[in-house]
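Please look at the sequence and the 3D structure below before reading on. The briefing that follows takes up the links, strands, rings and loops topic by topic.

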Amino acid sequence: QVQVTESGGGLVQTGGSLRLSCVASGSIPGINDMGWYRESPGKEREMVATITSHGRTDYDDSVKGRFTISRDNAKNAVYLQMNLLKPEDTAVYLCNAEVGRGGLYYDHWGQGTQVTVSS
């Protein structure tokens, strides 16, 4: 089994910063992409940022220049540094890890961590 655990959410004022962490643990032969997604009431789950095992990153346009995704392959961990936070960033942030090997990978999701940005 694979467990994905997020941490680092909380309440912050507009313009503030937070750093989210996510660790995948358990039976892990390998991890392909890792990423952060978010959900808020009335909106579909959306991709925030992703990173490949080789460090190539992709960001939603709404967070470019403010958020930075990074990864520690030795720790099976991914991080999201969030700066210049806005009220519209308020959401539950979920971590995703594609776990497997040999070109066959499966998505594993964490429970999510709440980020609230006050105006």
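A disulfide, which is a pair of cysteine sulfur atoms within 2.5 Å, joins Cys 22 to Cys 95, with the two sulfur atoms 2.0 Å apart. The model is a predicted one, in which local features need pLDDT of at least 70 and side-chain atom pairs count only at pLDDT 80 or more, while totals for chains, interfaces and linings use all residues. Residues are numbered from 1 along each chain as its sequence is written, and side-chain values use heavy atoms, with hydrogens and water left out.

**The disulfide**

- Cys 22 belongs to strand 3 (residues 18–26) and Cys 95 to strand 9 (residues 91–101), so the link ties together parts that are 73 residues apart in sequence; strands (E, at least two residues) are DSSP runs, numbered from the N terminus.
- The link of Cys 22 and Cys 95 is left-handed, with an angle of -80° about the S-S bond.
- Cys 22 is buried at a relative accessible area of 0%, and Cys 95 is likewise buried at 0%, where buried means under 20% relative accessible area, exposed means over 50%, and partly exposed lies in between (1.4 Å probe, protein chains only).

**The open sheet**

- Strands of a sheet pair through backbone hydrogen bonds, either parallel or antiparallel.
- An open sheet is formed by 4 strands in the order 1-3-8-7, with antiparallel pairing; two strands pair if DSSP finds at least two bridges between them.
- The edge strands of this sheet are strand 1 (2–7) and strand 7 (67–72), each of which pairs on one side only.
- From one strand to the next, the twist averages 15°, an angle between N-to-C directions that runs from 0 to 180 degrees, with axes taken as lines fitted to C-alpha atoms.
- Strand 7 and strand 8 (residues 77–82) run antiparallel and are joined by 6 bridges, and in this pairing Phe 67 stands opposite Met 82 of strand 8.

- Strand 4 pairs with strand 5 (residues 46–51) in the antiparallel sense over 5 bridges, and Met 34 stands opposite Ile 51 in strand 5.
- The hairpin of strand 4 and strand 5 has 6 residues between the strands, and in this hairpin Gly 42 takes a positive phi near 80°.
- Strand 5 also pairs with strand 6 in the antiparallel sense, over 3 bridges, and here Ile 51 stands opposite Thr 57 in strand 6.
- In the hairpin of strand 5 and strand 6, which has 5 residues between the strands, Gly 55 takes a positive phi near 95°.

**Aromatic rings and charges**

- The structure holds 1 aromatic pair, where rings of Phe, Tyr and Trp (its six-membered ring) pair if their centres lie within 6.5 Å, and planes under 30 degrees apart count as stacked, over 60 as edge-to-face and the rest as tilted.
- The rings of Tyr 37 and Trp 109 have centres 5.0 Å apart and planes at 70°, so this pair is edge-to-face.
- Because Tyr 37 lies in strand 4 (residues 31–39) and Trp 109 in strand 10 (residues 104–109), the pair ties together parts that are 72 residues apart in sequence.
- Trp 109 is partly exposed, with a relative accessible area of 34%, and Arg 45 lies over the face of its ring, at 4.3 Å from the ring centre.
- Arg 19 lies over the face of Tyr 79, at 4.3 Å from the ring centre; a charge sits over a ring if NZ of Lys or CZ of Arg is within 6 Å of the ring centre and within 35 degrees of the ring normal.

**Loop residues**

- Most residues other than glycine have a negative phi.
- Asn 76, in the loop between strand 7 and strand 8, has a positive phi near 55° and is partly exposed at a relative accessible area of 24%.
- Leu 84, in the loop between strand 8 and strand 9, has a positive phi near 50° and is exposed, with a relative accessible area of 53%.
- Arg 66 lies in the loop between strand 6 (57–59) and strand 7, and Arg 66 counts as buried at 8% relative accessibility.
- The side chain of Arg 66 reaches the backbone oxygen of Leu 84 at 2.9 Å, a polar contact, meaning a pair of N or O atoms within 3.5 Å; within protein, one must be able to donate a hydrogen and the other to accept it, and residues adjacent in sequence count only if both atoms are side-chain atoms.
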